[in-house]
Amino acid sequence: MSVEYENYLRMNKFPHYWCPGCGNGVVLKAFIQAVDELGWKNNDIGMVTGIGCSSRASGYVDFNTMHTIHGRALAVATGIKMSNPSKHVVVFAGDGDASAIGGNHLIHACRRNIDITLIIINNWIYGMTGGQYSPTTPTGTIATTMPYGNADPDFDLASLTIGAGATFVARSSVADPIILKNYIKKALTHKGFSVIDAFSNCHIQWGRKNKFGDPVKLVEHIKSVTVSAAKAKKMSPEELKNLFVTGVLYEDKDKKEYTESYFDMVKRAQSQTKGGR
Amino acid sequence: MRYELRFSGVGGQGNMLAGMILAEAAIYFENKHASYVPTYTSQVRGGPTKADIIISDNTILYLEANSIDYFMAIHPRTYDMYKSDSKPGSIIVVDMHMVQVPDEDKKKFKVYELPIVETARNKVGNVITANIVSLGVTAKLANIISPESLFKAIERRVPPKFLDLNEKAFEIGMSLVK
Amino acid sequence: MKRAVVANGNEMVVEGAIDAGCRFFAGYPITPSSEVAEGMARKLPKLGGVFLQMEDEIASIACAIGGSLGGEKTMTASSGPGISLKQEGVGLACIAEIPLVIINAMRGGPSTGLPTRIAQSDIMQARWGTHGDHPAVALCPGSVAECYTETIRAFNIAEELRTPVYVLSDAFLAHLSTKVELPGKEELKIANRLRPTVKPEEYYPYDTRFGDIPPLADYFSGYRFHVTGLNHDKTGFPNIDPVLQESEEERLINKVLKRQEAISTYENYKLEDAQIVVVAYGSNASGAKEAVDAARESGIKVGLFRPITVWPFPSIPFQEVAASAKQIIVTEVNLGQIVYEIERIMLGGRAVTEIRNGNLIFDTRHPRSSAELSTVLQANGTPIRPNQILSQIKEVA
Ligand SMILES: Cc1ncc(C[n+]2csc(CCOP(=O)(O)OP(=O)(O)O)c2C)c(N)n1
Ligand code: SF4
Ligand SMILES: [Mg+2]
């Protein structure tokens with residue numbers, strides 16, 4: 001079954017703003033396929049983004065969309081979700097947007113377990129502003145603000161979000177678009193805060209500085225630094241050292257979702273005659 | 001007529017509540033105008049606090065107390081910190097076991113040294129009633145709100161099961177003033 | 001029917017918000033505004049509304065913006081450091097034209113400053129705090145009762161103008177309890193944002209066919225649209241065309257300026273024959289009134305001009321007052337903020353009624369003032385006393 005992309009895209013906004021071959025389009029496409037398979041209605045979907053190349057995604061989809069300010073998409077999305085708990089709210093964010101400037105909002109959205117899906121387009125760099133290093137830039141690699149090789153340790157966003165309380169965390173990459181789509185679909189239907197750590201290629205801002213200026217070569221490189229959870233099981237910690245495990249890395253269906261907890265509290269408040277005068 | 005009262009002590013002693021009760025007594029039960037301004041440092045417990053109450057027959061425009069008629073201090077720190085706004089000849093009440101009033105102040109003001117905290121602890125039987133003991137003292141000394149009104153305002157604010165205790169505290173407080 | 005209650009300024013802000021129809025609050029605790037959050041936390045769940053204590057003030061305003069787009073009347077409250085953190089969000093609400101009320105219980109000092117003490121030091125921040133050219137509306141309640149009525153008015157203006165509105169109370173008003181007379185609920189005027197009536201496919205979020213304040217649809221109501229903090233066109237999509245951006249930037253500011261006669265409220269107190277005019281606002285005006293009364297008793301012809309709305313400043317009414325004054329005394333609990341606006345007006349800086357094609361359009365009805373200007377300023381954490389103002393009145397009388 002083929003997807004009628006025009007049903008989901010604002011066709012008059014194309015051609016898009018991204019560089020040819022950018023992984024952002026691959027992630028967006030996987031997301032639309034997932035929405036299509038779920039049969040969700042455009043009217044019922046909200047997409048919120050921050051600032052960055054990846055955050056431009058909200059302009060291209062024909063949903064209720066908001067392109068906010070750098071790092072704050074999850075906080076805005078929380079407001080949208082709380083005022084419309086029955087609707088689907090999705091956040092697209094860059095690695096910098098989600099984990100540097102927006103890191104505090106990220107851990108607290110995880111902690112609350114609010115029913116929002118966060119798709120991080122993790123291209124290991126600040127793409128939009130020209131290639132400065134981000135919290136996920138691999139240690140030792142080159143960025144405009146790390147011209148001698150990144151001295152900072154890099155973040156594993158899956159471990160971070162699992163630790164912070166997200167109840168569905170999966171990692172995939174633009175090298176495996178079908179698997180990525182399947183994980184996004186699972187994330188969208190998961191009740192609770194779900195995170196997709198989608199490794200993506202910014203061959204322009206990260207790639208060129210690190211000998212991966214060609215998108216195909218960079219996608220190959222992404223493949224070479226990731227390993228599926230099934231394979232990883234059979235590998236020793238030594239072998240896994242510089243690899244990122246992909247797959248559904250965490251799923252918890254028992255932790256209570258936040259809008260439910262909140263509106264349960266509302267019921268309690270309304271049944272009390274005392275207090276809250 | 002404008003009458004200004006200041007209750008001071010440290011956080012946790014209940015001075016703020018006493019001030020609020022006084023203002024409410026004036027508004028609810030004597031049909032007067034009153035305002036209440038609490039001042040506290042960032043700490044809630046143990047930090048110096050004061051509550052300023054202004055009672056007037058007319059609308060109160062300026063809402064800060066700066067010419068105090070009645071000042072009550074049950075902590076040495078707040079006595080020094082907050083006495084400067086007291087009018088010459090005005091009433092100052094201190095807890096005699098806590099605050100040492102210098103002789104020069106005794107010449108300037110009408111000073112009453114009373115065992116407020118000790119009375120709450122030993123005669124009423126619970127130290128947390130010190131603020132209500134203070135209100136009893138105030139009913140007698142300031143003579144600005146009638147004891148009946150004050151007690152009605154106390155009733156509004158304290159949990160019913162502690163009402164008897166507070167009534168006792170209020171009466172013993174009044175009796176401290178000979 | 002009038003209602004009488006005993007309450008403090010923060011409690012009255014809460015009452016006002018609830019009566020204005022606010023059902024969504026996101027905030028972060030800070031002295032001296034915390035009781036606003038606490039009051040909303042008590043009330044909103046009972047009303048089925050949303051109260052969120054977010055992880056910081058940045059998240060709070062962002063979340064309130066989201067709630068507003070979700071269709072709710074939303075509010076956030078803070079003070080000093082927290083208001084500084086909110087500034088980027090204020091700009092987003094301005095350019096995206098999202099109704100929102102921001103309570104600032106002003107406290108002293110830069111940085112952590114004097115957390116529990118009064119100041120009126122955020123007047124200019126309320127005007128210029130966020131970057132870029134933007135509209136500003138800020139209301140300054142002068143009493144506990146006005147904390148109620150001005151909060152309601154803030155919601156009305158936010159809704160009607162699609163813009164964020166500040167209510168600037170202060171540490172003193174926030175915690176001052178007194179008897180307040182509130183208007184009866186049936187007397188309240190409650191405004192709601194204009195929502196679209198056109199077919200969804202004909203809807204644009206910044207469509208000026210319906211006036212300079214376009215209708216705003218709720219998310220998920222069937223009108224799918226895009227909102228961005230980038231400059232945009234009527235469709236809500238980024239646009240950098242200089243001609244369009246000039247008119248859009250001007251529209252943003254003009255929507256406030258053109259309504260300033262209605263928005264910019266003020267009080268004239270004993271001004272009829274006054275040769276000396278005291279300018280004071282917020283809680284500081286009560287001390288100024290007392291000083292005016294005292295000076296009148298000794299035969300000095302003095303009155304008070306009290307802006308209730310500080311932004312846009314009621315310039316035209318002030319010009320009228322200033323034209324016949326010999327002395328103007330500005331008093332504020334800071335080291336000089338509104339005084340610069342006053343000075344500008346006195347020196348002939350007229351009220352701006354509109355910006356048209358890059359030109360400021362001035363109101364030229366009133367002559368410049370030949371009065372002399374002096375000040376009674378103080379930023380030490382305590383209110384300015386009537387005596388201080390009275391001695392300045394006597395000094396210039
Ligand atoms: C408050 C603020 N600080 C900085 C910026 C500049 N800025 C825009 S996008 C960006 C980084 C984007 O990186 P990332 O989130 O990884 O997204 P990408 O462009 O890589 O998709 C920065 C620093 C901004 N817009 N706002
Ligand atoms: S700079 Fe990088 S992330 Fe941005 S569009 Fe180009 S390739 Fe994509
Ligand atoms: Mg990036």
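At what distance does a polar side-chain atom of A:Ser54 lie from an oxygen atom of ligand 1?

A: The distance from a polar side-chain atom of A:Ser54 to an oxygen atom of ligand 1 is 2.6 Å.

Some ground rules come before the rest. This is a predicted model, in which local features need pLDDT of at least 70 and side-chain atom pairs count only at pLDDT 80 or more, while totals for chains, interfaces and linings use all residues. Residues are numbered from 1 along each chain as its sequence is written, chains are lettered from A and ligands numbered from 1 in the order in which they are written, and side-chain values use heavy atoms, with hydrogens and water left out.

The pair just described is a polar contact, that is, two N or O atoms within 3.5 Å (within protein, one must be able to donate a hydrogen and the other to accept it, and residues adjacent in sequence count only if both atoms are side-chain atoms). A side-chain N or O atom of A:Asp95 is 2.9 Å from an oxygen atom of the ligand. With A:Asp97 it is a polar backbone atom that takes part, 2.7 Å from an oxygen atom of ligand 1.

In total, 17 residues are around ligand 1, where a residue is near if one of its heavy atoms lies within 4 Å. A:Cys53, A:Ser54, A:Gly96, A:Asp97 and A:Gly127 come nearest. The site is shared between chains, because residues from both chain A and chain C surround the ligand.

Chain A gives 48 residues to the contact and chain C gives 42, contact meaning heavy atoms within 4.5 Å. About 3600 Å² is buried between these two chains, with 60% of it on carbon and sulfur atoms. Buried area is the accessible area, taken with a 1.4 Å probe, that two parts lose on being put together, summed over both. On the chain A side, the residues that lose the most area to chain C are A:Asn64, A:Met66 and A:Ile69, together 15% of what that side buries.

Chains A and C are also joined by 2 salt bridges. The term covers a side-chain nitrogen of Lys or Arg within 4 Å of a carboxyl oxygen of Asp or Glu. A:Arg112 makes one with C:Glu55, and the closest N and O atoms are 2.6 Å apart. Polar contacts between chains A and C link 19 residue pairs, both residues at pLDDT 80 or more. Several elements of chain A give two or more residues to this side, among them strand S2 (64-67), helix H3 (73-83) and helix H5 (103-112). Helices (H or I, at least four residues) and strands (E, at least two) are DSSP runs, numbered from the N terminus. By class, the chain A side has 15 nonpolar, 23 polar and 10 charged residues. Here Ala, Val, Leu, Ile, Met, Phe, Trp, Tyr, Cys and Pro count as nonpolar, Asp, Glu, Lys and Arg as charged, and the others, Gly among them, as polar.

S2(A) runs parallel to strand S10 (residues 226-228) of chain C, joined by 3 bridges; strands pair if DSSP finds at least two bridges between them. A:Thr65 has C:His226 as its bridge partner in S10(C).

Chain C has another partner, chain B. Here 22 residues of chain B touch 22 of chain C, and the buried area is about 1900 Å², with 59% from carbon and sulfur atoms. B:Tyr40, B:Leu61 and B:Tyr62 supply 33% of the area that chain B buries there, more than any other three residues. There are 3 salt bridges between chains B and C, including B:Arg2 with C:Glu290, whose closest N and O atoms are 3.7 Å apart. Polar contacts link 7 residue pairs across this interface, both residues at pLDDT 80 or more. Helix H1 (15-29) and strand S2 (33-40) of chain B each supply at least two residues, and S2(B) gives the largest share, 7 residues. S2(B) also pairs with strand S9 (residues 177-182) of chain C, antiparallel and over 2 bridges. In that pairing, B:Tyr36 stands opposite C:Ser177.
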